[in-house]
Amino acid sequence: TKRKLWGGRFTGKTDPLMHAFNQSLKYDQRMHPADIKGSIAYAKSLALVGILSKEEETRIIEGLQAVGKEWESGTFKIQEDDEDIHTANERRLSELIGPLGGKLHTGRSRNDQVATDMRLWLLDEAKEIEKDLKALIRVLVERAENEKDYILPGYTHLQRGQPIRWSHLLLSYAFSLRNDLDRLRQLIPRISVLPLGSGALAGNPFVVDREFLAKELGFLSVAENSLWGVADRDFIAEFLMWSSLVMTHMSKIAEDLIIYSTAEFGFITLSDAYSTGSSMMPQKKNPDSLELLRGKSGRLFGNMAGFLMTLKGLPSTYNKDLQEDKEPLFDTVDNLSACLKIAEGVIATLSVHGDKMKAALTMDVLATDLADYLVRKGIPFRDTHHVSGRAVALAEARQCQINQLSFEDFKSLHKDFSEDVFKVFDFEASVERREAIGGTSRKMVDRQISVLRAELEK
Ligand code: ARG
């Protein structure tokens, strides 16, 4: 006869809408490998304390493996009363091995079970995401290595500021992502904590060896408090916050590249592989890949904010609200890993137009260098800034560039200008002067590349 696993104390039937409302199997079935893995380890721990005989342990483990195979081959048949992945697997186990299946849940609750599954699942995904993140950093470093010769205006307030190497810009993205990599690695020990063996809330009365369980499942530590163990979802909140921060970086990279790919800038062209066309305007090539990277950041922030709202106001231990941890987490993981892969592809395949970058380098981006020229002759910077500003104003009035002013013009602005002032108007020389650590000179770009390469080795 069909019955709900928890049906004993019930006489009335569940409302059909409530039944559907309560069911999480649609989305939590993707955790089937973690659920089977956790149950196999738990069966072993029950055998160690004598709740299962050696022979029962073997039959349960073989049964669980068979259930796992059904999920993998797509032959698992979901039944009406399967509420979630945990009840589905237990129901199927008992169909395969008979009443013995009913011994598996001894001392266990879906509360410690689901918390364990979520952590196992996320640990696996985090490993993949770490790889994707490293691949993105690597492609930035590779381009930076190959494209050191391109110089473009660096912008503040989106106004031309000072010349920089294109590689320097790419590496600035890589350094944000390098910190994201660090932060991800720092999350792992807080995800890798075993809840199993906490029971529903008070702990496990059959005294299963939780350190054994942790070892079996690859957890770094054991939840030291059962109330906390079943309820803690901070690791999910943290992961969602982390993902949101990664997405702010994606969004910035996307925004820069969208601007640089416009005809007005023309610094880069996206490859066809990552662009789309317009249904009406035949000439269009749109940077949809980048716009989605920018746009999805909003969605991922939403997952984080929404889940924090879910946690806020909950009483201690397990409450069904916690089932709402799954969809935001799964959605964030799916979209983040797609974003990282797309960003890698976009950056690997875009083409760079050095001529357009060069054309955007107007002489006014050397106004700081002009001020620095006088500083080197001993004049206080506050004064030289003013003199250089007046040179800019004079050029603007004459509708020429500052290097087209005459030597007499410079002399009239400050007595300490000599003929060598015209040497200032050289973009290559300007970037090469920035050779303190962190600067845009070739040497310092090389230094950044070696710092990042060493990080990627880790
Ligand atoms: N599907 C549930 C969840 O995801 C599993 C835990 C159910 N526990 C309970 N006491 N109803 O949270």
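This briefing walks through the domains, the ligand shell and some helix packing. The model is a predicted one, where local features need pLDDT of at least 70, side-chain atom pairs count only at pLDDT 80 or more, and totals for chains, interfaces and linings use all residues. Numbering starts from 1 along each chain as its sequence is written.

**Domains**

- The chain splits into domain 1 (7–106) and domain 2 (111–208 + 216–359), with bounds that come from an automatic or database domain assignment.
- Between the C-alpha centres of domain 1 and domain 2 there's a gap of 33 Å.
- Where the two meet, 18 residues of domain 1 are in contact with 16 residues of domain 2 (contact means C-beta atoms, placed from the backbone, within 7 Å).
- On the domain 1 side, the elements giving two or more residues are α2 (25–28) and α3 (32–48); helices here are DSSP runs of H or I with at least four residues, numbered from the N terminus.
- The largest share of that side, 9 residues, belongs to α3.
- Sorted by class, the domain 1 side has 8 nonpolar, 5 polar and 5 charged residues (Ala, Val, Leu, Ile, Met, Phe, Trp, Tyr, Cys and Pro count as nonpolar, Asp, Glu, Lys and Arg as charged, and the others, Gly among them, as polar).

**Ligand shell**

- Around the ligand you'll find Ser24, Asp28, Asp84, His86, Arg110, Asn111, Val114, Tyr318, Lys320, Leu322 and Gln323, each counted if its C-beta atom, placed from the backbone, lies within 6 Å.
- Helix α6 (residues 110–146) gives the most to the shell, with 3 residues.
- The shell's make-up is 3 nonpolar, 4 polar and 4 charged residues.

**α10 with α11**

- Helix α10 (residues 234–260) and helix α11 (residues 288–311) have axes that come within 8 Å and cross at roughly 160 degrees; axes are lines fitted to C-alpha atoms over the stretch in contact, and angles run from 0 to 180 degrees between N-to-C directions.
- That angle makes α10 roughly antiparallel to α11 (over 145 degrees counts as roughly antiparallel, under 35 as roughly parallel).
- Their crossing is left-handed, meaning the near helix is turned anticlockwise from the far one by less than a right angle.
- The residues of this contact divide into 17 nonpolar, 6 polar and 4 charged.

**α7 with α10**

- Helix α7 (residues 166–191) packs on α10 at about 175 degrees, their axes 10 Å apart.
- This makes α7 roughly antiparallel to α10.
- From α7 the contact includes Tyr173, Leu177, Asp180 and Arg183, and from α10 it includes Phe235, Glu238, Trp242 and His249.
- In class terms, the contact of α7 with α10 has 11 nonpolar, 2 polar and 4 charged residues.

**α7 with α18**

- The axes of α7 and helix α18 (residues 442–457) come within 11 Å, crossing at roughly 30 degrees.
- So α7 runs roughly parallel to α18.
- α7 passes α18 in a left-handed crossing.
- Ser167, His168, Leu171, Ala174 and Arg178 of α7 meet Val445, Gln448, Leu452 and Glu455 of α18.
- This contact of α7 with α18 has 4 nonpolar, 3 polar and 2 charged residues.

How values were computed
Parallel < 35°, antiparallel > 145°, perpendicular 65-115°, else oblique.
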